[in-house]
Amino acid sequence: MNPTEFAHWCQTLCLDSKTIELIERIRTAPPTRRVQGKAGNVSGTYPSQKMGVTIQFESHRVELWAIYQMEHCEEVLEFYDQPEGFKIRYKNAAGRNIGHYHTPDFFVLRTGGAGWEEWKTEAQLIKLSEKYPTRYQKAENGQWYCPPGEAYASQLGLKYYVRSDANLDRIYIQNLMFLEDYLKGSVSINEKITTQVKKLVTENSSITFSSVKNSIKGIRANDLYAMIALEQLYVNLSECPLIDQKSVRLYTDKATYDAVSIIKQVSLPLSKVDREVEPNTVIKWDGRVWRLLNPGQKTITLLPEIGQPIQINRTFWESLLETGQINFITEKESSVTAQEVQTLMSEAALRRS
C-alpha cells in the first residue's frame, strides 16, 4: 500500500495512533532476526512479488507454504516476516510463571484487520500444548489459539493467530508452486492457439485440460499451463493437481466457474457417476432435459421433453461426458415426471405409425 492507501486502511479500521505507529515501524523496519534451519526443516527466502522483497521462512513445508498462501490471497494486503516482538506471560505445565520476548513468524495486514501469525505443524502444537498448556490451546472447532498472544494484541485492536499445517490447502499450494515456473520465465504463446483455446473453453465451460489439448492441433500442455498462470483461463486450484490433465477443468473466468458451480449444486456430472446409467435416467444437455431410454453399446437413445427420441453415437456420448456437457438430474428436480414420459413416448409412437 502507498501512504494514501495505508492511511485510508487505518481510518477504515479505526486504529488509534499507538497502533498505527507500531504498524508503521513493522512496515519500515527489516526483520528483527535471521532465520536458521533446524533438524528436519529447510530455511530460506522467497522472492515475493506482492511485497517487492524477499521473505524469510524457517520451514519449507509450513512457513514457506504459508507464504505462498498469503502471496496469492486477495485479502492479504501485506505481510512481514520476523516482525517486532513483544513480551508474553503465561504458566508452564508445573504452574510456574514465565515471561519472555516473543517474535512471531509474520505480521499480516488484511483487508479486514491486522495481526501476528505463528505457524507450526499440528504435531508441534500438540507437544507445545502439553508443555505450555496456558500458551497453546485448541478450541472445540479444532483451531489453535494463544491466550497470552491474544491478550497483548487485543490491547492494540489487533489479532494474534496460531496457524497449523492443517490450515494449509495442500493441492492449492502445490499447484501455485507448479505454476510459478511459468510466471518467472518469459512465456510466449502463439496468438492463434490462444484464440482457439478461448473459443473452445467459452463454448464448453468445464471442459477438461486433456480434451482441449486433444482438440486443437499444435497445442502444447505448456501453452495451457501458461494461460492458467497468466489468468487467461480460470482453474479452481484447490480441486485437483494440475498434472492430472484428465481431471483439471477449464473456464473462461471465475464468474463462469461460480455460475457452473451453482448449477452443479442441483445436478451431478455424469462423469462422476457410473456411466453405464440405467434406462429412464434424466439428464440435462444443451439447456434441455432428456430421459435416457436405451443406453446401448453402440448408440444412446434419448427422449426430449418435446419431440421424438433421438439416437447418438456412444463415442459422442462419451465425449459429452468427458467435457462435462451432460449433467445428471435427480428425479425430484426433473421437470419430466414418469407420467409425462409415458405420454411423450405414446405420442411419439403415434406419429411414427
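## Strand β12 and R249

R249 sits in strand β12, which spans residues 249-250. The model is predicted. R249 counts as buried because its relative accessibility is 13%, and the cut-off for buried is under 20%. A polar atom of the R249 side chain lies 2.5 Å from the backbone oxygen of S206.

## Nonpolar cores

The largest nonpolar core holds 71 residues. Within this core, W116, L158, V197, V212, I228 and L250 touch the most other members. Helix α9 (residues 221-229) gives the largest share of this core, seven residues. In soluble globular proteins, nonpolar side chains tend to be buried together.

L250 has contacts well beyond its sequence neighbours. Leaving out residues up to four places away in sequence, L250 touches V201, S205, S206, I207, F209, V212, L224, I228, L233, Y234 and V235.

A second core is separate and has eleven residues. Its members include W285, W317, L321 and I326.

## Largest pocket

The largest pocket has about 840 Å³ of space. Its lining consists of 26 residues. H72, Y172, L176, E231 and L237 lie nearest the centre of the pocket.

Which elements each supply at least two residues of this lining? They include β1 (44-47), α6 (170-184) and α9. The largest share, six residues, comes from α6. By class, the lining has 13 nonpolar, eight charged and five polar residues.

Key: Residues are numbered from 1 along each chain as its sequence is written. This is a predicted model: local features need pLDDT of at least 70, side-chain atom pairs count only at pLDDT 80 or more; totals for chains, interfaces and linings use all residues. Side-chain values use heavy atoms; hydrogens and water are left out. Helices (H or I, at least four residues) and strands (E, at least two) are DSSP runs, numbered from the N terminus. Buried means under 20% relative accessible area, exposed over 50%, partly exposed in between (1.4 Å probe, protein chains only). A polar contact is a pair of N or O atoms within 3.5 Å; within protein, one must be able to donate a hydrogen and the other to accept it, and residues adjacent in sequence count only if both atoms are side-chain atoms. A nonpolar core is a set of buried Ala, Val, Leu, Ile, Met, Phe, Trp, Tyr and Cys residues joined through side-chain atoms within 4.5 Å. Contact means heavy atoms within 4.5 Å. On a 1 Å grid over the protein atoms alone, a cavity is a set of points where a 1.4 Å probe fits but cannot get out, and a pocket is an open set with protein on both sides within 12 Å along at least five of seven lines; lining residues have an atom within 4 Å of a point. Grid points are joined across faces, edges and corners, and a volume is the space filled by probe spheres set on the points. Ala, Val, Leu, Ile, Met, Phe, Trp, Tyr, Cys and Pro count as nonpolar, Asp, Glu, Lys and Arg as charged, and the others, Gly among them, as polar.
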